[in-house]
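The sequence and the model are shown below.

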Amino acid sequence: MEICLTKNGIYDIMNKINIIIGGFMKLNNQNIKKIRNLIGYIPNNIEDSIIMDTVEEEITSSVFKYKKQDLEQLIKKFNFEHLLKRNPKTLSGGEQQLMYVISSLLKHPKILIFDKAFSMLDNLMKDKILKMLKKLSKEENITIINITNETEDVIYGDNIAIITDKKII
């Protein structure tokens, strides 16, 4: 399932998600630490988050346990083999987005949240990534939440929610 949200009022929701993810709370009798591993988050400005020297290190640095086979499959699926030894800061904006998608997918999330993650990409790259994510959503049964100001992005959503004044309209 893919959900596309427009931006008005979404920061309030994201702050609540961050508070829940960062706390020691329980949700549906499950520890939040377990639940937060089910959520992948791709922010707007990825370059500020890059800390490792190679793409491969950046992909795996936030994933505590993963199978080498899963990493190899994702690298192949996203055609990233030739980029693994490069410095992630030298990648294009679209390649950096895909690098974070691969890293998030290594955790086997049930939900991927994109917070204006495509705003700096040209329309061709954004279209390519959104089509890939729609396909991935169906193949892997992942809910994708795309928070955006771009009304043309909503064509990729199965469900669309417009939030204004902290209310879904």
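## Packing of helix H4

The buried residues of H4 pack against H3 and H5 in this predicted model. Four residues of H4 are concerned, namely Asp70, Leu71, Leu74 and Ile75, which are buried. Viewed down the axis of H4, these buried residues fall within an arc of 130 degrees, so they line one face of the helix. Gln69 and Lys76, on the other side of H4, are exposed.

## The largest nonpolar core

In soluble globular proteins, nonpolar side chains tend to be buried together. Here, the largest nonpolar core comprises 33 residues. Those touching the most other members are Ile59, Phe78, Phe80, Met99, Leu105, Phe114 and Leu133. At least two residues of this core come from each of helix H3 (55-60), helix H4 (68-77), helix H5 (93-105), strand S5 (111-115) and helix H6 (123-140). The most is given by H5, which contributes six residues.

## Residues with positive phi

Most residues other than glycine have a negative phi. Asn79 has a positive phi of about 55 degrees although it is not a glycine. Its position is just after H4, in the loop between H4 and H5.

Lys116 is another residue other than glycine with a positive phi, in this case near 50 degrees. Lys116 belongs to the loop between S5 and H6.

Ile169 counts as exposed because its relative accessibility is 66%, and the exposed class requires a value over 50%.

## The chain as a whole

Six helices and nine strands are present in the protein chain. The chain has 169 residues, of which 41% are buried. Its accessible surface comes to about 10,100 Å², and carbon and sulfur atoms account for 54% of that area.

Contacts between residues at least 6 apart in sequence were also examined for the protein chain. Among these contacts, 76% join residues at least 24 apart.

How values were computed. Residues numbered from 1 in each chain as written. Predicted model: local features only at pLDDT ≥ 70, side-chain atom pairs only at ≥ 80, totals over all residues. Heavy atoms only, no water. Buried < 20%, exposed > 50% of the residue type's maximum accessible area, 1.4 Å probe, protein only. Core = buried A, V, L, I, M, F, W, Y, C linked by side-chain atoms within 4.5 Å. Contact = heavy atoms within 4.5 Å. Areas by Shrake-Rupley, 256 points an atom, 1.4 Å probe, with all protein chains shown as cover. Arc of directions from axis to C-beta.
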